[in-house]
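Colleague: Could you walk me through reading charges on a model like this? I'd like the general idea, then the case at hand.

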Amino acid sequence: MTRDEFLGRLGELLACLPAEQVEETKQFYAEAIADRMEDGMSEEEAVAAMGAPGEVAEATLDNLPAVPRAIARTRRRSTVLLWVLTIVGSPVWVPLLIAFVIAALSIYFCIWVLAFCVWVIAAAFGAVGAAALALVVAGMAIGHVPYMIAMLGCGLAFVGAALLVGAGAWAASKQIARLSALWARKAVSPFWKGKGGRGDGAAPVPAHLAA
């Protein structure tokens, strides 16, 4: 099989994918074949090293996230069937999707509200501590030493508490941000794997090509 025949057949098998994804996959294997030919293989040997077009197409589809993979396989059987399933199933999947989005946003909002409350507490402690330290100056003005000592102690205690709570709020915010990013990746993983997972329709890198 020649390179053009291989790429043509691969394009036919992946016609269920968007055109740009098909071209990206074909370009990937065209470059892989060219690399093998530069290493001394004949065109037929380089093409054979890629595997059968059907196997390559299946590997590409298997590399997709769950939802695009199901859509692509259904579309490969029949575009009409895909539209029928989408329309007929809309009373089920549309409300579920809306409910999922609302629930996810509500949980996300509540978590960050809790973090914000901790920051407010830290700011309140800091404000009280600053006010107490400012009253030390007033005590100095009237020459009331016990009052100065009491305000100084209160001011330092509240400032220390503010720093302690603030450090906890900062650590909690970073952890929430990290967990939020992780949760977001998991939430969209059925639809998109991202560049790291090569779930955007690009060709997977088989073991015999990566070697």
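Modeller: Start with exposure: buried means under 20% relative accessible area, exposed over 50%, and partly exposed in between (1.4 Å probe, protein chains only). R9 has 40% relative accessibility, so R9 counts as partly exposed. E12, at 55%, counts as exposed. Bear in mind that this is a predicted model, where local features need pLDDT of at least 70, side-chain atom pairs count only at pLDDT 80 or more, and totals for chains, interfaces and linings use all residues. Residues are numbered from 1 along each chain as its sequence is written, and side-chain values use heavy atoms, leaving out hydrogens and water.

Colleague: How many salt bridges are there?

Modeller: Side chains of opposite charge can pair when their charged atoms come close. The rule asks for a side-chain nitrogen of Lys or Arg within 4 Å of a carboxyl oxygen of Asp or Glu. That gives two salt bridges. In one, E12 pairs with R9, with the closest N and O atoms 3.1 Å apart. In the other, E23 meets K26 at 3.8 Å, N to O.

Colleague: Why are E12 and R9 separated by about one helical turn?

Modeller: Because they sit three residues apart in helix 1 (residues 3-13); helices are DSSP runs of H or I, at least four residues, numbered from the N terminus. E23 and K26 are likewise three residues apart, both in helix 2. E23 is partly exposed, at 47%.

Colleague: And where is E31 found?

Modeller: In helix 2, which covers residues 19-38. E31 has 42% relative accessibility, so it counts as partly exposed.

Key:
Helix = DSSP H or I, 4+ residues; strand = E, 2+ residues; numbered from the N terminus.
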